[in-house]
Amino acid sequence: MKRIENIAIIGMGALGLLFGDLLDRDVGLSVGFIVDEARMARYRGEPISVNGAAKHFSLLPAGAKGAPADLVIFAVKATALAGAMEDAAGYVGPDSVVLSLLNGITSEELLEARFGREKVVHCIAQGMDATREGRTLTYSRPGQLCIGLPDDRPGEGLDALAALFRRTGVPHTVESDIRHRIWSKFMLNVGVNQVVMVREGNYGTVQAPGEARAQMIAAMREVIALSQLEGVPVTEQDLADYVRLIDTLSPSGMPSMRQDGLAHRRSEVELFSGTVCRLAAKHGLDVSVNRDLYSTILGMEAGY
């Protein structure tokens with residue numbers, strides 16, 4: 001089995017920094033972030049703070065053709081994935097493992113089309129409450145990565161990744177049905193990310209009984225109905241499990257979509273309600289809650 005020792009991460013947002021920090025604690029690993037020239041100059045001048053500790057991560061030039069990494073992690077927003085694939089292409093070699101930490105249900109397909117399906121391990125990140133503000137990352141829960149393969153392809157990359165996570169103590173689960181897990185996480189994001197954004201709140205907004213929590217659950221139930229039609233059935237038990245997970249998060253924390261709203265950045269609305277609405281139209285399914293969320297979020301972003 002291959003051993004992962006050199007890791008390249010693209011994306012210095014909350015997820016990239018969180019897992020970069022966890023992996024960088026192992027002195028036997030080489031962990032670097034792929035950045036463009038502007039970011040390289042900026043990050044060299046001032047370190048990142050992770051839970052109060054200064055971190056001086058290695059920086060790798062975007063677009064360069066360096067030595068291939070054993071593992072390339074994509075931790076960018078979905079809107080930046082196309083550019084990130086080009087920036088990271090020089091670090092993906094014949095034996096590299098490619099991992100996506102992106103939300104949604106489409107990033108693995110795009111990575112497989114660009115780099116080859118044999119390289120891509122499917123993944124979702126869940127349960128973390130990481131928040132990045134400027135150069136400061138804070139979190140109380142690292143959550144976990146759920147990894148797996150959706151078909152009968154050889155699992156050498158998956159085995160190597162699981163061995164890395166065991167070795168470094170990165171919380172993870174190897175899933176027997178990763179497509180079901182990805183759709184279940186999609187259901188979660190469609191509910192909590194969008195509702196916290198439109199309510200301009202935090203996790204506490206949807207943890208308490210009331211209109212916001214009811215709206216979140218209604219949006220999630222529309223994903224359950226859609227998943228049945230898409231052949232990856234998510235259940236009410238999955239919904240209950242994820243609502244319980246939401247209730248364990250720090251009430252003052254907030255999902256990445258709300259952080260985008262506060263920073264007046266374009267959000268991943270197309271990844272969430274946009275995808276739900278497009279797939280629902282194919283099946284003639286009414287998804288009025290997600291349609292309203294989609295319209296509301298686009299209106300908010302138009303006002304930036």
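Welcome! The largest nonpolar core here holds 45 residues, and Trp183, Phe186, Met187, Val192, Val206 and Met216 have the most contacts inside it. A nonpolar core is a set of buried Ala, Val, Leu, Ile, Met, Phe, Trp, Tyr and Cys residues joined through side-chain atoms within 4.5 Å; buried means under 20% relative accessible area, with a 1.4 Å probe and protein chains only. The model is predicted: local features need pLDDT of at least 70, side-chain atom pairs count only at pLDDT 80 or more, and totals for chains, interfaces and linings use all residues. Residues are numbered from 1 along each chain as its sequence is written, and side-chain values use heavy atoms, leaving out hydrogens and water.

- Phenylalanine 186 touches Gly104, Ile105, Val223, Leu271, Phe272, Thr275 and Val276, leaving aside residues up to four places away in sequence; contact means heavy atoms within 4.5 Å.
- A second, separate core has 43 residues, including Ile7, Leu23, Leu59 and Leu149.

**The open sheet**
- Four strands (DSSP runs of E, at least two residues) form an open sheet in the order 4-3-10-9, with mixed pairing; two strands pair if DSSP finds at least two bridges between them.
- Its edge strands are strand 4 (53–55) and strand 9 (131–133), each pairing on one side only.
- Strand 3 (residues 48–50) and strand 10 (residues 136–138) run parallel, joined by 2 bridges.
- In this pair, serine 49 stands opposite threonine 136.
- Helix 1 (residues 14–24) packs on the sheet and touches strand 3, strand 4, strand 9 and strand 10.

**Alanine 8**
- Alanine 8 lies in strand 1 (residues 6–10).
- Its relative accessible area is 1%, so alanine 8 is buried.
- Among the residues that alanine 8 touches are Gly32, Ile34, Leu60 and Tyr91.
- Arginine 167 is 159 residues from alanine 8 in sequence and 18 Å away in space, C-alpha to C-alpha.

**Helix 5**
- Buried residues of helix 5 are Gly157, Leu158, Ala160, Leu161, Ala162, Ala163, Leu164, Phe165 and Thr168.
- Just after helix 5, glycine 169 takes a positive phi of about 75°.

Definitions and conventions: Buried < 20%, exposed > 50% of the residue type's maximum accessible area, 1.4 Å probe, protein only. Axes fitted to C-alpha atoms, helices over the stretch in contact; angles between N-to-C directions.
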